[in-house]
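Here are my notes on the charge pairs and strand pairing. Please read them alongside the model.

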Amino acid sequence: MSAIVTAQALTHFLWQGALVGLAAWIALSLLERAKASTRYMVALGALLLMAALPFATAFRLAGDIPRPAPAAVSAAPAAAPIVKAPAAAGGRATVRTFGAALLPWIFNLWLAGVAALSLVHLGGFRRVRHLSRQGRPMAEALQALARDLGRRLGVRRAVALLESAAVSVPATVGWLRPVVLVPASALTGLTPRQLEAILAHELAHVRRHDYLVNLLQTAVETLLFYHPAVWWVSAQVRRERENCCDDLAVTVCGDRLGYARALVELEGLRAATPRLALAASGGSLIGRVRRLLAPPGRPSRRPWAAGLLALALLPAGAVVQTACSGTTARQALHGKEPHQTRTWSVERQGDKLRLSLEVRTVPWSKWTSMDDYPLSDLAGLSPGKDVRFELRRSAGTVRLQGDYDGRRGHGTFTFAGDPAFTKEIGGSPSDPRLLELAVYDIPLSYVQEMRELGYARPAQYRRPRNLHEMVRWHFKDLFGHGHPSSLQQLEEFHHFGVTPEFVRGIQEAGYRDISASDLVELHLHGVEPDWVQGVSASGYRRLLPFQLVELHQYGISPEWLRGMVQAGYGNAAPDQLISMRQHGIDGESIRRAGISGGRPSPEELISMQARGRLGR
């Protein structure tokens, strides 16, 4: 295939890739609350279509190239005179000549880009192979644990479990002979249950053949590196891949909260991992933890450019979703609830019962909950063929019925929201999120305190009366501005342990307008109100939340900060403070140095510390 045809196909892919990327964006938006496996297949299908389009276009263009007949070729003179195009066609002839002249340059630039990226990936591949050869076999107890997890996950291949000093988080490499690398820091920094959950995540990569898919994905990124839509779709594939493995790990371990805590612990161990290796710390930490603990959460914020691009297609998107949801849309228009199947299953775990609840809504939405409850929480439960018992919570009562033999049981359930709780949050008594608040056991007093602090305000929601209102409501919810926001804040605060006392302390430290997501981020990284108040008292009152997190992660204490302020560095930027702290500089060492002739800059201080001129 000629370079000209290849360049033409690559040029055509500019608009083809944009259309596929836009279609993938719309599809993933409509499937925001679908299972991770469904979203993964959509994103992977879009990436494979992008990979196939340039080849299909090139073959078609190659078939369209006119070829002269043999007789005409033999009859042609050795040096035929150049015939100029008529004047009327001169404009078009000039454009074609100019475009044809650019095609070789386009091909050469593309080839150079592919070669450069291939060298980068080749280096990464060699590093991955080096990692797998450096490790040493783990203890037999961990090997047995990995074999048991692999059996429960359905992994049919032998997986080597190696301890490696070259990685800081567990990672999976290899396809035919998969290897799970575990750092020593994970063995000491994670509890046995957390380590089991992380190993389950890595073995889930092996079961799904993710390493092979990742290699193919990297090849597509290399060949089509010049198109932003390819990188966006590929990022969605990687994101949903991690979510799929999270789901499998939770299924095996049965503890969402424990697994989420393990991910938070891994964040402290995270370091750069080769792109061809698959690590449990991949992706957005807070996004993955939110999804685990509140699966039907609100859609993530989307780039403004993508929103503008899809603006003209919003009516079409509404029609597509309405057509897909079928019964759901018609029931909403007629004021009926969508069809739901609510089932439960229970298994005895010592002196507790592991209760699983599942809600399926037509056509694809699914919500699940799994938690351990003491027997006293399940009023009326006793072995029998037709048992009826209740889980009573502040937000409402879950009424369950079915079979229970003393060890295991299953059946269906209904839920009735508490009127007082419903009135407090300002929602609908039939809002399915009330069930989540009940399962999570969020008390009414917690809701009231958070509202007084400015969060979890009551939602203003009423059922749409006609198609126009339903479409408008749907797209408000699609872009994250719909009615469930107050309930989502409650869920996130409760799951991540954000208490009214924590919020009040952060506000008293000068952060009264801080967002709910920033509060969660601070609490996840252990940033306490006393520490924030100490930083503010040192003169740093207008730091952004992410800057507070960075200062805290690098061990900057209010006492250290006060010493630096007293030494004359109260105007240093956060990144300068971090650099000085990393190099062991503090206020006392600056004073002991007895610097005269002007105050050195932070960079000069670091240079002096490296030469041993500070702290003498």
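1. Terms first. Buried means under 20% relative accessible area, exposed over 50%, and partly exposed in between (1.4 Å probe, protein chains only). This is a predicted model: local features need pLDDT of at least 70, side-chain atom pairs count only at pLDDT 80 or more, and totals for chains, interfaces and linings use all residues. Residues are numbered from 1 along each chain as its sequence is written, and side-chain values use heavy atoms, with hydrogens and water left out.

2. Salt bridges number 20, each a side-chain nitrogen of Lys or Arg within 4 Å of a carboxyl oxygen of Asp or Glu. Arginine 152 pairs with glutamate 196, with the closest N and O atoms 3.7 Å apart. Arginine 152 sits in helix H5 (residues 140–153) and glutamate 196 in helix H7 (residues 192–207), so the pair ties together parts 44 residues apart in sequence. Helices here are DSSP runs (H or I, at least four residues) and strands likewise (E, at least two), numbered from the N terminus.

3. Which end of that pair is buried? Glutamate 196 is, at 12% relative accessibility. Arginine 152 is partly exposed at 37%. Asp148, Arg151, Arg152 and Glu196 are linked in a salt-bridge network.

4. Helix H24 (residues 558–566) holds both glutamate 559 and arginine 562, 3 residues apart, about one turn of the helix. They form a salt bridge, closest N and O atoms 3.6 Å apart. Glutamate 559 is exposed at 51%; arginine 562 is partly exposed at 34%.

5. Strands E11 (residues 396–404) and E12 pair in the antiparallel sense over 9 bridges; pairing requires at least two DSSP bridges between strands. Leucine 400 has phenylalanine 413 in E12 as its bridge partner.
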